[in-house]
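I set out to record what could be looked up in one protein chain. The entries below follow the order in which I consulted the coordinates.

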Amino acid sequence: MDQKDLVQKLTAENKQLREKLNEYKLFFEQVIDAIVILDEEFHFINVNEASCHLFQLVKEELFKRNFFDFINLMPKEEVERQFTYLNNKGCHKDELIIKLDDGRIKYIEYSAQSFGHHHLFIIRDISARKINERDRTINEQLFQDLFDRAVDGIVIFDEDENFIDANHSFCSSFEISRQHLNQYKLKDFVTDVKIIERIKKSLYLEGKATGELEVQLQNGKNKLFEFTSTANILNGFYMVILRDITEKRIMEQQLEESEERFRDVFEYALDAIVIWDKTGRIVRANQWACRTFELPLKQLLKSHICDFIDPKDPKLRKIIRKYFKSGAIREELLFHMANNQAKQLEFTSKRMQDGYHMTILRNVSDRKQMEKELRENEQKFRKVFNGAMDGIVLFDDNMNIIDANPAASKILSLPHRKIREYNLNDFISREMIEKYFGNCDKLTKELPFTLQNGEERIIECSFKRNIIENMNLAIFRDVTEKKEMEERLRKSDTLNVVGELAAGIAHEIRNPMTSLKGFIQLLKGSISEDHSMYFHVISSELKRIETIITEFLMLAKPQAIHYQQKHIVTIMKETIELLNAQAILTNVQIHLEYDPVPEIYCEPNQLKQVFINILKNAIEVMPKGGNIYVKIRKNTDQTIKISIQDEGTGIPKEKIKKLGEPFYTTKERGTGLGLMVSFKIIEEHNGKVEVQSKVGYGTTFYITLPIKQQDVL
């Protein structure tokens, strides 16, 4: 072939190659997928228009970039894995995430082929598909969460009514387990086949069905459900959403019954009931309201609540302010009726949720008058109760004190404010009350009381049971002083009798006694030694008779009293010196202890006689010896106190009260006149004698004397 033909042939082949190249270029540029060619360092060396659109860069900019600049969001290990596989195998398909310069993120799917030192990547943007897949996954998850967590029951069943799936709420409402769901059909719970057919027909025609469905559970319990059903949601399956409205229907029924009861209460209530709007206009009222406001119903419904209230009433502004602040109020107000009659009405108002107000009114005019009369009677009773001289106590069946008047507080020695804290058994035992008052509705007895301070009193009691339910009455009168006065009067009468008797006895006995004493003295010289003992006994007994006669005369004829200022300690010392010899003979020690005390105005000889009597008694009650303690103290600014304590056998409590009575003595040969005379002397000195004794421990006499004799002065 000559050169010309060779040139023509090469020209034709070159033309053909250019046409092929143009076709490839056209295909390269027009293809939808992005095609990029990378060198062995993964730098861009050629790209098509789809690549520029994908990476949002022009070719010149892409040629300056590396492919790894766009996949930095991917985990490094994953990128290395993919490209290592490409280098080893020469080809690879996978997915990547690229981040553009403007911050947008895209999901790409690529197919890579290595040839020589270059790599060819065909890339497709799958961001939309990924987003759709993600949304579908989220939606599926949301649907599943909604299905599982829905409060309403959801069940899916097929055309044969077999349960395919159901959520927890449905299983709980129908009391079946999800594992055994496929063992049940809808007709197992809905016995009325016609209802099921109507639901299926509605689903077929309209694609949905709603209504109420009554079902019977396996345990026989009936329930009512509100349902919504759709058809063909999943390959011909049906979905039903059910809500248990059993309790709702019961509540609606109860509400209806409650409303009916309210209507009955409203219409037939014995209190006036009015309902008024925010302007005060009465919109509803019962028959009793018509009677209260003295108006027919039609006219009352044209009235305002304020038409019956005096706007100048000082309480009105306060009531309105309080009501609109709290929304409810209970008060009393004077209402003026249509017939000009004024009524005191007690009312309760409450703001209702619908903006209306309900007021219930009651005429309390009669009650107010009764309360006034009751208060007046209460005041009268309280004046009588509090002013009574006797103590009055009200107590319940458990003996708890309910109320008491001031006199009772004084008698019981308790503060009036605290007397209600006590029980009547704190003062008198239940056994004693039952003993004396158990079978008697009303009886008066004198009982010993021990007060809270330990003081013993004699109280005259009168009980009245069940004056009202669980209310009893006790009336107390302190007769301690009365009894003491009676006792003193008795002793005084006895003393008078003894005095008169003593005068006669002393007069009759003294003359023979004088003769006997004279003849005994005459016989004294002629009595032999053998009969001296008889003479001694006769003389001793005659002296004893003379002593008794002397004491009788002291009772019978009051002695002349010569009061003078004298130191009581001096009188006591002289008395002790006088009795010391007798005390030493019986091994008795007399101890005197005294404080500085002033002189007193007294009759020294009489006081010395008192001290002699008491000290002699103390010596005689200790035949085996012992101690006598005498103490003199200043008691108050006006009195002094002398105590004489022995260590004898003591005196029983019941005998102490009789000390000082004529001829009463605890000694074998005593007459009792000594203490009687002593008590009388102290009484004439305006003093007081108290005796305390404990059997086996001894007795103490307390003598209180005034420093000045007011009566004498």
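My entries begin with the whole chain and then turn to single elements and residues.

**Entry 1. The chain as a whole**

I note at the outset that the model is predicted. I found 20 helices and 27 strands in the chain. Of the 713 residues, 35% are buried. I then looked at contacts with a separation of 6 or more, and residues 24 or more positions apart account for 47% of them.

I looked up strand S6, residues 153-157, and found five of its five residues buried. Gly 153, Val 155 and Phe 157 point one way from the strand, while Ile 154 and Ile 156 point the other way. I recorded residues on both sides as buried.

Which strands are joined to S6 by bridges? Strand S10, residues 238-244, is joined to S6 by five bridges and runs antiparallel to it. Val 155 has Val 240 as its bridge partner in S10. Strand S7, residues 163-166, is joined to S6 by three bridges, again in an antiparallel arrangement. Here the partner of Ile 156 is Asp 165. The hairpin of S6 and S7 has five residues between the strands, and in this hairpin Glu 161 takes a positive phi near 70°.

Met 399 is not a glycine, yet its phi is positive at about 70°. I placed Met 399 in the loop between strand S16 (391-395) and strand S17 (401-404). Is Met 399 buried or exposed? Its relative accessible area is 4%, which is under the 20% cut-off, so Met 399 is buried.

Asn 587 also has a positive phi, near 60°. Asn 587 sits in the loop between helix H17 (568-585) and strand S22 (588-594).

**Entry 2. Thr 699**

I found Thr 699 in strand S27, residues 698-706. Thr 699 counts as buried because its relative accessibility is 4%. What does the side chain of Thr 699 make a polar contact with? The partner is the side chain of Ser 693, at 2.9 Å. Leaving aside residues up to four places away in sequence, I listed the residues that Thr 699 touches, among them Ile 644, Asp 646, Ile 651 and Val 691.

**Entry 3. Salt bridges**

I counted 27 salt bridges in the structure. As background, side chains of opposite charge can pair when their charged atoms come close.

Asp 277 and Arg 281 meet through their side chains at 3.5 Å, N to O. Asp 277 counts as buried at 12% relative accessibility, whereas Arg 281 is partly exposed at 36%.

Lys 343 and Glu 294 form a salt bridge at 3.0 Å, N to O. Lys 343 lies in strand S14 (residues 342-351) and Glu 294 in the loop between helix H9 (287-293) and helix H10 (297-300), so this pair ties together parts that are 49 residues apart in sequence. Lys 343 counts as buried at 6% relative accessibility, and Glu 294 as partly exposed at 35%.

Arg 633 and Asp 595 form a salt bridge at 3.3 Å, N to O. Because Arg 633 belongs to strand S24 (residues 626-634) and Asp 595 to the loop between S22 and strand S23 (600-602), the pair ties together parts 38 residues apart in sequence. I recorded Arg 633 as partly exposed at 25% and Asp 595 as partly exposed at 32%.

I located a nonpolar surface patch of about 260 Å², made by Leu 73, Ile 105 and Tyr 107. Leu 73 is in the loop between helix H3 (59-62) and helix H4 (76-89), and its relative accessible area of 43% makes it partly exposed.

Finally, I looked up Lys 445 in strand S18, residues 442-450. Lys 445 is partly exposed, with a relative accessible area of 32%. Its C-alpha atom is separated by 5.6 Å from that of Glu 460, which is 15 residues apart from Lys 445 along the chain.

Note on methods:
Residues numbered from 1 in each chain as written. Predicted model: local features only at pLDDT ≥ 70, side-chain atom pairs only at ≥ 80, totals over all residues. Heavy atoms only, no water. Helix = DSSP H or I, 4+ residues; strand = E, 2+ residues; numbered from the N terminus. Buried < 20%, exposed > 50% of the residue type's maximum accessible area, 1.4 Å probe, protein only. Polar contact = N/O pair within 3.5 Å; in protein donor to acceptor, adjacent residues only side chain to side chain. Contact = heavy atoms within 4.5 Å. Pairing = 2+ DSSP bridges. Patch = residues over 30% accessible without salt bridge, like charges linked within 9 Å, V, L, I, M, F, W, Y side chains within 5 Å. Areas by Shrake-Rupley, 256 points an atom, 1.4 Å probe, with all protein chains shown as cover. Salt bridge = Lys/Arg side-chain N within 4 Å of Asp/Glu carboxyl O.
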